[in-house]
Amino acid sequence: MSALAAVLRDVPIFDGLGDAVLERLASRCVPRAVGAGFMLFRAGERCTGLYVVLEGRVRIYRTSPDGREQTLAVEGPGRPVAELPLFDGGPYPATAVTTAPSRLMFLPRGEFEHAFRT
């Protein structure tokens, strides 16, 4: 099994998928290396896919109308970011930004949907 497929196997939403499906999903993932302060997405934007943190940290937060930020989670290696809108088709419910130099893998939403339809 490839290293990326092994990472996906440990993500709860992929629990129960066979090796062949995990390998296909892993082959569709796009690696991304970004610095601290990189905005993955903003609340309200259309969901384009799922991120999985390989190295680094991602802070997920909401901003109130008066500008105050509330941190909802800080995700580290092996953790998915944005799994809810992947399933429900809605926009990203919060904003996500890296807090350290990070390596991520990005699974486009269309690839995810195709895998689960087939």
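Is Thr118 buried or exposed? In the predicted model described here, Thr118 belongs to the segment that follows helix H4. With a relative accessible area of 66%, Thr118 is exposed, this value lying over the 50% that marks an exposed residue. Along the chain, Thr118 is 97 residues from Val21, yet the C-alpha atoms of the two are separated by 9.6 Å. Val21 is also one of the residues through which helix H2 meets helix H4, and the packing of these two helices is considered next.

Two packed helices are described by the angle between their axes and the distance between the axes. For helix H2, spanning residues 19-28, and helix H4, spanning residues 109-117, the angle is about 165° and the axes are 10 Å apart. An angle over 145 degrees counts as roughly antiparallel, and H2 and H4 are therefore roughly antiparallel to each other. Their crossing is right-handed. On the side of H2, the contact is formed by Val21, Arg24, Leu25 and Arg28, while H4 contributes Glu111, Phe112, His114 and Ala115. By class, the residues of this contact comprise 4 that are nonpolar, 1 that is polar and 3 that are charged.

Ala26 is situated in helix H2 and is buried, its relative accessible area being 6%. When residues up to four places away in sequence are not counted, Ala26 touches Ser2, Leu4, Ala5 and Leu8. Thr98, by comparison, is 72 residues from Ala26 in sequence, and the C-alpha atoms of Ala26 and Thr98 are 22 Å apart in space.

In helix H4, the position considered is Arg109. Arg109 has a relative accessible area of 19% and is classed as buried, since the limit for a buried residue is under 20%. Apart from its neighbours within four places in sequence, Arg109 is in contact with Cys47, Thr48 and Gly49, and also with Pro85, Leu86, Asp88 and Gly89. A separation of 10.0 Å is found between the C-alpha atoms of Arg109 and Glu83, which are 26 residues apart along the chain.

A disulfide is a covalent bond between the sulfur atoms of two cysteines. The structure holds 0 disulfides. The closest cysteine sulfur to that of Cys29 is in Cys47, and at 14 Å it is too far for a bond, the cut-off for a disulfide being within 2.5 Å. Cys47 is likewise in no disulfide, with the sulfur of Cys29 as its nearest cysteine sulfur. Cys29 is buried, with a relative accessible area of 10%, and Cys47 also counts as buried, at 3% relative accessibility.

Two loop positions complete the description. Ala82 is located in the loop that joins strand S6 (80-81) and helix H3 (83-88). Although Ala82 is not a glycine, its phi is positive, at about 90°. The relative accessible area of Ala82 is 13%, and this residue is buried. Ala100 occupies the loop between strand S7 (95-98) and strand S8 (102-108). With a relative accessible area of 23%, Ala100 is partly exposed. Leaving aside neighbours within four places in sequence, the contacts of Ala100 are Val34, Gly35, Ala36 and Arg57. Of these, Gly35 is 65 residues from Ala100 in sequence, and the distance between their C-alpha atoms is 6.4 Å.

Notes
Residues numbered from 1 in each chain as written. Predicted model: local features only at pLDDT ≥ 70, side-chain atom pairs only at ≥ 80, totals over all residues. Heavy atoms only, no water. Axes fitted to C-alpha atoms, helices over the stretch in contact; angles between N-to-C directions. Helix = DSSP H or I, 4+ residues; strand = E, 2+ residues; numbered from the N terminus. Parallel < 35°, antiparallel > 145°, perpendicular 65-115°, else oblique. Left-handed = near helix turned anticlockwise from the far one by under 90°. Contact = heavy atoms within 4.5 Å. Nonpolar A, V, L, I, M, F, W, Y, C, P; charged D, E, K, R; others polar. Buried < 20%, exposed > 50% of the residue type's maximum accessible area, 1.4 Å probe, protein only.
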